[in-house]
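Please keep the sequence and the structure at hand while reading.

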Amino acid sequence: MVDGTGTESVREPWRPGPGLRRALDVVPVALLAFVVLLVGASSGSTAWIVLGLVQTLPLVVRRTHPVLAYTIIAGASAVQALVIDTPIVSQLAYPVALYNLARHGSAVAGAIGLLVGLIGAAVASVTWIEGYRPDYVQAVWSDYVPYLFTVGAIVIVAWSLGTLSRVRDAYVAALVERGERRVVEAEQRVLLAAGRERSRIAREMHDVVAHGLSVIVVQADGGRYAAAKDPDVAVRTLETVAQTGRASLADMRRLLGLLRTGEESGRAPQPGLPDLQELVDLARRSGTRISAELPPDGASLPEAEALTVYRIVQESLTNVRKHAGHDAEVRVHVTVGDVVLVQVADTGRGAEAPTADGLGLVGMGERVAVHGGSLTAGPGADGGWVVRARWRR
């Protein structure tokens with residue numbers, strides 16, 4: 001069913017309210033008690049009236065206190081077998097009490113009620129047969145069997161219906177609990193997914209901003225010193241700054257588009273293997289001495305793995321510019337096959353620099369861990385700093 005807002009709504013099943021429930025508990029009992037009083041008054045038997053009311057009135061609390069109601073009614077029925085040797089109308093309360101005991105009580109209480117009811121059916125059969133026969137007529141076994149099966153069937157049917165209702169209620173309660181638990185789990189999954197997405201975007205933004213700003217700062221410093229002596233160098237430097245700024249802005253727009261729905265910028269492709277050469281060329285233009293062994297043009301990786309390779313190289317080159325010094329040489333080595341290997345090594349003084357508390361190395365480690373790989377970063381054997389990532393496809 002769809003409501004006016006266009007959302008699907010679930011129609012709740014009808015259930016009686018508290019007032020109607022109370023009326024259903026009291027009104028049938030009052031009617032049965034009224035019938036007991038009428039029949040008892042017409043028979044002139046005080047025992048009829050007293051036992052009838054004791055058997056009838058506890059039904060008012062049959063839902064809330066099933067064990068108490070059944071105990072009183074069963075006890076009154078036992079007393080009736082000793083006082084009155086014929087059935088009375090108030091005995092209709094017994095199967096109702098047994099039903100509610102089996103439904104609203106425990107399974108053990110229901111089983112005890114069934115056993116007591118079957119014993120009572122046998123006793124009642126004998127008592128009623130003897131009460132209807134003259135003293136000089138002897139009853140035989142065939143006279144007891146129909147009464148025993150009839151009364152016993154009423155007891156078994158009442159217990160069975162109550163037990164089935166209790167099992168159904170437990171099943172429905174389990175389904176409701178499971179549904180509520182699934183809703184909570186779904187909400188938790190949404191929160192966890194949102195947290196992972198925020199962490200991923202934070203890593204992406206860190207890589208983009210740190211890389212772009214480091215290139216711009218280096219170029220701006222070089223252009224400022226070269227402007228007085230060689231204006232052409234300053235022009236080329238400003239051109240590199242502009243290109244870097246535009247590329248960084250485009251990458252940031254792409255990432256920020258992921259936070260918005262229904263916008264084209266959020267669906268722009270992420271950088272990958274074909275963009276590594278541009279990343280290396282940009283590092284060269286910024287003054288870094290760099291040599292690179294990159295995958296051939298035909299090499300390919302899934303988008304997530306290709307983005308990881310790109311970000312590791314980007315972050316490593318950013319750290320080179322921050323910590324290695326102006327005279328450092330950088331070697332970039334990327335191979336793609338059954339095993340993906342990314343290694344960026346420099347000859348600078350990055351090993352002597354204090355470790356930053358940012359997201360750089362942590363972000364690279366998390367990216368590689370997603371693919372089941374490992375990342376090492378530390379001083380190289382011949383000095384400098386080496387970042388090495390490896391995972392199997």
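The model is a predicted one. The protein chain contains 10 helices and 5 strands. Of its 393 residues, 35% are buried. Among contacts with a separation of 6 or more, residues 24 or more positions apart account for 65%.

| Helix pair | Residues | Axis distance | Axis angle |
|---|---|---|---|
| α1 and α2 | 18-43 and 46-56 | within 9 Å | roughly 170° |
| α3 and α4 | 66-83 and 93-104 | within 9 Å | roughly 150° |
| α8 and α9 | 276-285 and 303-324 | 10 Å | about 10° |

**Helices α1 and α2**

The axes of α1 and α2 cross at roughly 170°, and an angle over 145 degrees counts as roughly antiparallel, so α1 and α2 are classed that way. On the α1 side the contact involves Val29, Leu32, Ala33, Val36, Leu37, Val39, Gly40, Ala41 and Ser43, which meet Trp48, Ile49, Gly52, Leu53 and Thr56 of α2. By residue class, the contact of α1 with α2 has 10 nonpolar and 4 polar residues, and no charged ones.

**Helices α3 and α4**

The crossing angle of α3 and α4 is roughly 150°, and these two helices are therefore roughly antiparallel to each other. Their crossing is left-handed. From α3, the residues in contact are Pro66, Val67, Tyr70, Ile73, Ala74 and Ser77, while α4 contributes Ala93, Tyr94, Ala97, Leu98, Asn100, Leu101 and His104. This contact comprises 10 nonpolar and 3 polar residues, with no charged residue.

Which residues form an aromatic pair? The count of such pairs comes to 1. Tyr70 and Tyr94 form this pair, with 5.5 Å centre to centre and 50° between the planes, and the arrangement is tilted. The pair links distant parts of the chain, since Tyr70 is in helix α3 and Tyr94 in helix α4, 24 residues apart. Are the two tyrosines buried or exposed? Buried means under 20% relative accessible area; Tyr70, at 7%, therefore counts as buried, and Tyr94, at 13%, is buried too.

**The loop between α3 and α4**

Pro87 is placed in the loop between α3 and α4. With a relative accessible area of 28%, Pro87 is partly exposed. The C-alpha atoms of Pro87 and Ser125 are 9.8 Å apart in space, and the two residues are 38 residues apart in sequence.

**Helices α8 and α9**

The angle between α8 and α9 is about 10°. Angles under 35 degrees count as roughly parallel, and α8 and α9 are therefore roughly parallel to each other. Leu276, Leu279 and Ala283 of α8 make the contact with Val309, Tyr310, Val313, Gln314, Leu317 and Arg321 of α9. The residues of the contact of α8 with α9 divide into 7 nonpolar, 1 polar and 1 charged.

His326 is located in the loop between α9 and β2, the latter spanning 329-335. Its relative accessible area is 75%, and exposed means over 50%, so His326 is exposed. From His326 to Gly348 the C-alpha separation is 8.2 Å, and these residues are 22 residues apart along the chain.

Terms used: Residues are numbered from 1 along each chain as its sequence is written. This is a predicted model: local features need pLDDT of at least 70, side-chain atom pairs count only at pLDDT 80 or more; totals for chains, interfaces and linings use all residues. Side-chain values use heavy atoms; hydrogens and water are left out. Axes are lines fitted to C-alpha atoms, for helices over the stretch in contact, and angles run from 0 to 180 degrees between N-to-C directions. Helices (H or I, at least four residues) and strands (E, at least two) are DSSP runs, numbered from the N terminus. Angles under 35 degrees count as roughly parallel, over 145 as roughly antiparallel, 65 to 115 as roughly perpendicular and the rest as oblique. A crossing is left-handed if the near helix is turned anticlockwise from the far one by less than a right angle, and right-handed if clockwise. Contact means heavy atoms within 4.5 Å. Ala, Val, Leu, Ile, Met, Phe, Trp, Tyr, Cys and Pro count as nonpolar, Asp, Glu, Lys and Arg as charged, and the others, Gly among them, as polar. Buried means under 20% relative accessible area, exposed over 50%, partly exposed in between (1.4 Å probe, protein chains only). Rings of Phe, Tyr and Trp (its six-membered ring) pair if their centres lie within 6.5 Å; planes under 30 degrees apart count as stacked, over 60 as edge-to-face and the rest as tilted.
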